[in-house]
Amino acid sequence: MKTSQFFLNTLKDNPSDADLVSQRLMVRAGLIHKLGSGLFTWMPLGFRVLQKVEAIVREEMNRIGALQIVMPNVQPAELWQETGRWNDYGTELLKIVDRHERAYVFAPTHEEVITHIARGELRSYKQLPVCFYQIHTKFRDEIRPRFGVMRAREFLMKDAYSFHLDNASLAETYQKMYDAYTRIFTRLGLDFRAVEADTGSIGGAVSHEFQVIADAGEDALVFSDSSNYGANLEKAEALAPKNSPSVSQKTKELIHTPGKRTIKAVCEFLKLPETQSIKVLLVKGTENDMVALVLRGDHEVNPIKAEHHPLIAVPFTFADEKLVESKVGCAVGYLGPIGLTEKNIPVIVDRDAAVLTDFCCGANQVEYHLVNVNWQRDCPLGEVFDLRNVVTGDLSPDGNGTLVIKRGIEVGHIFQLGNKYSTSMNATVVDEKGQPVMMQMGCYGIGVSRTIAAAIEQHHDEHGIVWPTAMAPFQIALVPMNYHKSQRVREATDTLYRELQEAGFEVLLDDRNERAGVLFADMDLIGIPHRLVLGERGLDNGLIEYKARVAKEVQEVKLTDLMSFLDTILRVKHYIE
């Protein structure tokens, strides 16, 4: 492709509304054009990258026997009402009404539609297992779209759904999909990890996220420094300390703490480490007005873990402060565990808080705290439960090493759904005995457009994008010097351009009448992995300049050796075991 025939719309300046590197570079390189909040057009250069990612995803899905289909994005409300998600999905679900006053949704996902297909088309266990997938746009009405295509309202996604007679078959396909995702992100040249994850609103029992490691990531990822253990922060278990509370000889003491409402302020005032304090959080309960969560002062509550407790309401919500004051008799900031059970407030204690001795806590009196408080002696311990976020240095849940925390961008998520949707939509097949059986389901998603942004977050420098080879819109940038002034250079360049194309290389010939600095800067900005520069001096000596996008130095290659040289460095085999 020649730039004179290609719409190359690069910008010198960063867009004013861009927060992330990927957002800035995608706009400057002309990959995307903003239409509205969270809505983007993929321009020719960006679309080429999308096609590269799609092709790898499609190859790996086909490799494991998944079958491609295309489902409608506009879906009847009745399907979502069957599963209960019409009301439960939340405000991200865009609801629309047609001219006949019939209600629809614009699809954020396709579990309902694929289950509707399955219950109509699958009759016998002999048709199972089967897996369908599509590469299609989705729409989620984000309350605050941001970060460009990283959190857009409309985006491109690969979603797959599998149907099974039993859990063993589901687990087998789940592993195949896990392996396929591993190959996809490896072939795309990304530094990623698969981590255990919470299933969230999608449902199911087993789930893994595929996360690209990047400082700009919204997700906190937890890894062992000595094993392959990995989990999302929401999922990572905080192991119970091995020690038990020691027997205390100290006497509980009430201390005046005027104006000290935070753990930090109280501990500084009392000259105690925050690890020797506890905090009490009152949240909405399922059976009670409120439930007390007790954590060590330096730890943070994990709302997702807390929601798994049957006494805690979903979504996780703090109790109203006025209700707290009326029921406990003091303001938030002075709460403690003593006396809460007598007020019909269940107490759930985090594992680390449960082993403290002689700790500091609120006295349930304004401007007063207690020191040298001990479980059982001064107040009942209550139920012990894993409530907190893990922190760097915690023991790994698999027993190997300690935990480290990094940031990540979620680009893929796989679930063992079980029979959540098949039960609500009555999707059955007959088994070998002729009896109806609810099908087991799995679902598997890849954010195709988000993967591109994640790749840029991981692969860029001060000059622009540094594409992994498999994602680059072109393999080679051919940049002639004085193309419009020297007939000799123009003829040699055009000949080389044809030869490169005939050899199967993807080449962008920059035939614009611009200064060399402008041409080089644009090729670096859009991230073409390999650059060839041809000029009269090179032709005189039978040489051409080669520079890899990631290299600092230029090297000269004999024109007669160029094709074999390029074969050596560009013929990268796909990652297929």
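The views below come from a predicted model.

View 1. Aspartate 511 sits in a loop. This loop runs between β27 (507-509) and α13 (516-526).

**View 2. Polar partners of aspartate 511.** The side chain of threonine 3 makes a polar contact of 2.8 Å with the side chain of aspartate 511. The side chain of serine 4 makes another with aspartate 511, at 2.6 Å. Leaving out residues up to four places away in sequence, aspartate 511 touches Lys2, Thr3, Ser4, Tyr483 and His484.

**View 3. Glutamine 475 in its loop.** Glutamine 475 lies between β25 (464-465) and β26 (476-480). Its relative accessibility is 17%, so glutamine 475 counts as buried. Residues up to four places away in sequence aside, glutamine 475 touches Gly504, Phe505, Glu506, Ile528, Pro529, His530 and Leu570.

**View 4. Glutamine 475 and two glutamates.** A polar atom of the glutamine 475 side chain lies 2.9 Å from the backbone nitrogen of glutamate 506. Glutamate 506 is also among the residues that glutamine 475 touches. Glutamate 154 is 29 Å from glutamine 475, C-alpha to C-alpha. In sequence, glutamine 475 and glutamate 154 are 321 residues apart.

Conventions:
Residues are numbered from 1 along each chain as its sequence is written. This is a predicted model: local features need pLDDT of at least 70, side-chain atom pairs count only at pLDDT 80 or more; totals for chains, interfaces and linings use all residues. Side-chain values use heavy atoms; hydrogens and water are left out. Helices (H or I, at least four residues) and strands (E, at least two) are DSSP runs, numbered from the N terminus. A polar contact is a pair of N or O atoms within 3.5 Å; within protein, one must be able to donate a hydrogen and the other to accept it, and residues adjacent in sequence count only if both atoms are side-chain atoms. Contact means heavy atoms within 4.5 Å. Buried means under 20% relative accessible area, exposed over 50%, partly exposed in between (1.4 Å probe, protein chains only).
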